[in-house]
Amino acid sequence: MDQSEQQPAAAGVDAVDAIIEQWRVARPDLQTDAMAVFGRIYRLARIMGDRIEKIYQEYGISRGEFDVLATLRRAPAPHTLSPRQLTATLMLTTGGMTGRLDKLERGGLVVRSPDPADRRGLRITLTNAGRAVVDQAATAGLTEQQRALTPLNGEQTQQLNELLRLLLIDI
C-alpha cells in the first residue's frame with residue numbers, strides 16, 4: 001500500500017487526488033485526467049466487488065457462482081442452458097465452469113441432465129432452491145449497490161451511467 005492509500009481522505013479529496021498530485025510534482029508534463037478517471041473506476045470496482053462478495057457469502061455462494069445462477073435465472077423458464085451457453089456468456093474456460101457447476105450441483109442449486117437434442121450434450125437447470133438463493137442474493141447485492149450511489153442524486157446517477165456506457169461502447 002502506498003502512502004496515499006494509508007492517509008484518510010479529506011473532505012472532497014480522495015486517494016486518487018493524492019496520487020495525481022504526486023505525479024504532478026514528479027512529472028508535470030503528464031496529462032493525468034485518464035489516470036484519475038480509471039483509477040477511481042478501478043478502486044470503486046474493487047471496493048464494491050469485495051462488498052458484494054461478502055453479501056453473496058451470506059447465501060453460501062461466491063460472486064462467480066452468483067454469475068452462473070443469475071445467468072440461468074435470466075434465461076426463459078425453465079431456466080435451462082447448456083454448459084457452452086453459460087461458458088460463452090460468462091467468458092469462462094470450460095474447466096472454470098465445471099468447477100462452479102460441480103459446487104452448485106452439490107449444493108442443490110442446479111441440476112445437470114442429458115440434452116434431449118444432443119446425446120453428448122448436457123443441460124444445466126436452476127432448481128427451486130437455486131432460484132430462491134439467486135433472487136435473495138440479487139436483491140441484497142442491488143440494495144448495497146444502490147446504497148453506494150446515495151451520494152448522487154437520480155440525475156447524476158443517470159448521467160454517470162450514460163457516460164460509462166459511452167466509454168464501454170467505444171472501447
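Which element gives the largest share of the lining of the second largest pocket? The answer is β3, with 4 residues.

This is a predicted model, in which local features need pLDDT of at least 70, side-chain atom pairs count only at pLDDT 80 or more, and totals for chains, interfaces and linings use all residues. Residues are numbered from 1 along each chain as its sequence is written, and side-chain values use heavy atoms, with hydrogens and water left out.

**Pockets**

A pocket is an open set of points on a 1 Å grid over the protein atoms alone, where a 1.4 Å probe fits, with protein on both sides within 12 Å along at least five of seven lines; lining residues have an atom within 4 Å of a point. A volume is the space filled by probe spheres set on the points, which are joined across faces, edges and corners. Helices (H or I, at least four residues) and strands (E, at least two) are DSSP runs, numbered from the N terminus.

| Pocket | Volume | Lining by class |
|---|---|---|
| Largest pocket | about 1400 Å³ | 22 nonpolar, 4 polar, 9 charged |
| Second largest pocket | about 210 Å³ | 2 nonpolar, 2 polar, 4 charged |

In these classes, Ala, Val, Leu, Ile, Met, Phe, Trp, Tyr, Cys and Pro count as nonpolar, Asp, Glu, Lys and Arg as charged, and the others, Gly among them, as polar.

The largest pocket has 35 lining residues, and Arg40, Ile41, Arg43, Leu44 and Ala45 lie nearest its centre. Two or more lining residues come from each of α2 (15-26), α3, α7 and α8 (154-170). The most, 15 residues, come from α3.

Around the second largest pocket lie Ser82, Pro83, Arg84, Asp115, Asp118, Arg120, Gly121 and Leu122. Both α5 and β3 give two or more residues to this lining.

**Core**

A nonpolar core is a set of buried Ala, Val, Leu, Ile, Met, Phe, Trp, Tyr and Cys residues joined through side-chain atoms within 4.5 Å. The largest one has 23 residues, of which Ile61, Val68, Leu69, Leu72 and Leu86 touch the most other members. The largest share of this core, 5 residues, is supplied by α4.

**Thr80**

Thr80 lies in strand β1 (residues 80-81). Thr80 counts as buried because its relative accessibility is 15%; buried means under 20% relative accessible area, exposed over 50%, and partly exposed in between (1.4 Å probe, protein chains only). Leaving out residues up to four places away in sequence, Thr80 touches Leu72, Arg123, Ile124 and Thr125, where contact means heavy atoms within 4.5 Å.
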